[in-house]
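Work through the following exercises with the sequence and the 3D structure at hand. Each task is followed by a solution in steps.

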Amino acid sequence: MKQRFLISTGLAVAACLAPLSNRAQSAESPDARADALLKQMTLEEKIGQMVQADCTALKDKTDVQKYFLGSVLSGGDSDPADNSVQSWLKMAMEFQELSLQTRLKIPIIYGVDAVHGHNNVLGAVIFPHNIGMGATHNAELSEAEGRVTAEELLGTGIRWGFDPCIAVAEDERWGRTYESYGTSPELAGELGAAQVRGLQAGEFSTPVSVLACAKHYMGDGGTHGGKDQGDDRCDEAALRKYYLPPYAAAVKANVGSIMVSYSSWNGKKMSANKYLLTDVLKNELGFKGFLVSDWAAIDQIYPTDYKKNVEASVNAGMDMVMIPKGPGSTNNYIDFINDLKALVAEGKVPMARIDDATRRILRIKYAMGIFEHHDVDPALTAAIGSAEHRNVARQCVRESLVLLKNSNHVLPLAKTIKHLHVAGQAADDLGMQCGGWTISWQGKTGAVTPGGTTILNAIRHTVSADTQVTFSADGKGAQGADAIVLVIGERPYAEMMGDRRDLSLTDSQKEILRNAKQAGVPVVAVLMSGRPLVLGSALDSADAFVAAWLPGTEGQGVADVLFGDYNFKGKLPRAWPRNNSQLDSLTLSDPLFAPGFGLAYANTEKTASASSGK
């Protein structure tokens, strides 16, 4: 019987099944309640709901109350000083208390990037990035990831996670490729919708629901040359075929919010594209939630005229604007409020558009029950980073690994092997294992967060007590070993900084492999990367080769499969290029490995024909 991971804790089950009488709940629908509240609101209160200010941009925390703000967020590096669970909880609750002191007591909804777990918080569980989840092809696991992430967000008082990213990334030179499930719109739709269900607890109306945010609408993966925030150059038929289906699936899953992309479609910024935001998404697909802009994204519409940006984006259908700049800068939240008030007075933004945006935001807040439910269950806080949560992530790691090569059945390794040498810095580097969007925006190397297990430590925990495990970062010193596990990987990066024109292995990565080969014993190469890299001769040099993507904190899941406790299940979610010259062709007609390729212990030779050109 297939093991289920839908709900990760008994706590979540109990909360989901608790009768509605346990909390105050109006018999009126969220729509009726939103309409009733809207009639009581001033223009200033309505516009305030349309503002999402970064916590570090606020001149004073009390501005949440003064300007009736609808949301506060923590961007990639906007963390509390010590970044602890308790500090996050304290911060979120302080902002919530301020919002409840406004005239109408409209609660804020606090937002944070949660792209592979509650990834900003020390000690939280970090899941594989989406490219690894795409390799699992397992919607049930994606839903389980969403549920664990929701529980850890809730434990810090946060009810809005900017996830899932359902970009269909075409060009792996794009630094956000790892945030994409792969090149299949159907796969992105299936796994993205499952993640939405996990985050929103299915019903989207319980105290354990977290608002999901599908992103980035739309075509952000259709970069030109892999350049971030680029221009998707295609006709409408292609746009609808490749990039719209995941959003249709997310809307069907009742996603409550969607983030609008920085990118453009044939030269027109998405933040000002009324046809795609209003006509297609809201009217044609029937999206009933609200749209939020990306980080200062509306500033790019007309770079020298902020007021014009406000007019263009709001009239296009933007409901909430993410504003990261403080009062000492131009284009800050106070400017937005004043400019939008002036635009309404001038008749340039219809009052009906303000009402529509505010109604959408209020409706979601009512649907989530946050007007009634403000407290944080201490059991959810205590469960952050729990063994139960880590076990879900560990299963995600096991199923994400793709076996590309296994000559002479080198794998699985025996736990009783006499001497195993582990090589490469990445083998003992949790930061490289997790990648970007981990504790900090761009991520970093080293012991970035407590509670995780590196691949080296996982191997040491797996082998017998009689096995000698040695380690070198440079691949040297393996003489006398019976086998080598070589772990190489990309250094952490995120958007913009991760764009690369050349995806070849670096000289240092190649040198580690050369050094290891000098020992004259079988070499098992494990590649940790946010995208397929050009392997060159490395594939031939290694006896076995594993694509581990960016597995997150639970490196034990890698060892589980290398030593045969679990079989390989992962299949490539995108084609693997032979060389850099192929990257200019989006079709990859002769890839090194085709999408869907992946070997397993029982059929390492039989499935080799699935590789195109092999």
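**Exercise 1.** Determine the handedness of the crossing of H12 and H13, and describe how the two helices pack.

*Solution.* Step 1: in this predicted model, the crossing of H12 and H13 is right-handed.
Step 2: H12 covers residues 306-316 and H13 covers residues 333-345; their axes are 9 Å apart and form an angle of about 70 degrees.
Step 3: angles of 65 to 115 degrees count as roughly perpendicular, and H12 and H13 are therefore roughly perpendicular to each other.
Step 4: on the H12 side the contact is made by Tyr306, Lys307, Val310, Glu311 and Val314, and on the H13 side by Asp335, Phe336, Asp339, Leu340, Ala342 and Leu343.
Step 5: sorted by type, the residues of this contact give 7 nonpolar, no polar and 4 charged.

**Exercise 2.** Carry out the analysis for H7 and H8: angle, distance between the axes, handedness and contact residues.

*Solution.* Step 1: H7 (residues 139-154) packs on H8 (residues 185-199) at an angle of about 35 degrees, and the axes are 7 Å apart.
Step 2: the crossing of H7 and H8 is right-handed.
Step 3: H7 contributes Ala139, Ser142, Glu143, Glu145, Gly146, Arg147, Thr149 and Ala150, which meet Glu190, Leu191, Ala194, Gln195, Arg197, Gly198 and Leu199 in H8.
Step 4: the contact of H7 with H8 divides into 5 nonpolar, 5 polar and 5 charged residues.

**Exercise 3.** What is the strand order in the open sheet of 3 strands, and which strands stand at the edges?

*Solution.* Step 1: the order is E6-E8-E9, and the pairing is mixed.
Step 2: E6 (231-232) and E9 (268-269) stand at the edges with a single partner strand each, so one side of each has no neighbour in the sheet.
Step 3: the pairing of E6 with E8 (residues 264-265) is parallel and runs over 2 bridges.
Step 4: within the sheet, aspartate 232 stands opposite tryptophan 265 in E8.

**Exercise 4.** How many aromatic pairs does a search of the whole structure find? Classify the pair of tyrosine 67 and tyrosine 333, and locate both residues.

*Solution.* Step 1: the search finds 11 aromatic pairs.
Step 2: for tyrosine 67 and tyrosine 333, the distance is 6.1 Å centre to centre, with 80 degrees between the planes.
Step 3: planes over 60 degrees apart count as edge-to-face, and this pair of tyrosine 67 and tyrosine 333 is edge-to-face.
Step 4: tyrosine 67 lies in the loop between helix H4 (63-66) and strand E2 (71-74), while tyrosine 333 lies in helix H13, so the pair ties together parts 266 residues apart in sequence.

Methods:
Residues numbered from 1 in each chain as written. Predicted model: local features only at pLDDT ≥ 70, side-chain atom pairs only at ≥ 80, totals over all residues. Heavy atoms only, no water. Axes fitted to C-alpha atoms, helices over the stretch in contact; angles between N-to-C directions. Helix = DSSP H or I, 4+ residues; strand = E, 2+ residues; numbered from the N terminus. Parallel < 35°, antiparallel > 145°, perpendicular 65-115°, else oblique. Left-handed = near helix turned anticlockwise from the far one by under 90°. Contact = heavy atoms within 4.5 Å. Nonpolar A, V, L, I, M, F, W, Y, C, P; charged D, E, K, R; others polar. Pairing = 2+ DSSP bridges. Phe/Tyr/Trp six-rings, centres within 6.5 Å; stacked < 30°, edge-to-face > 60°.
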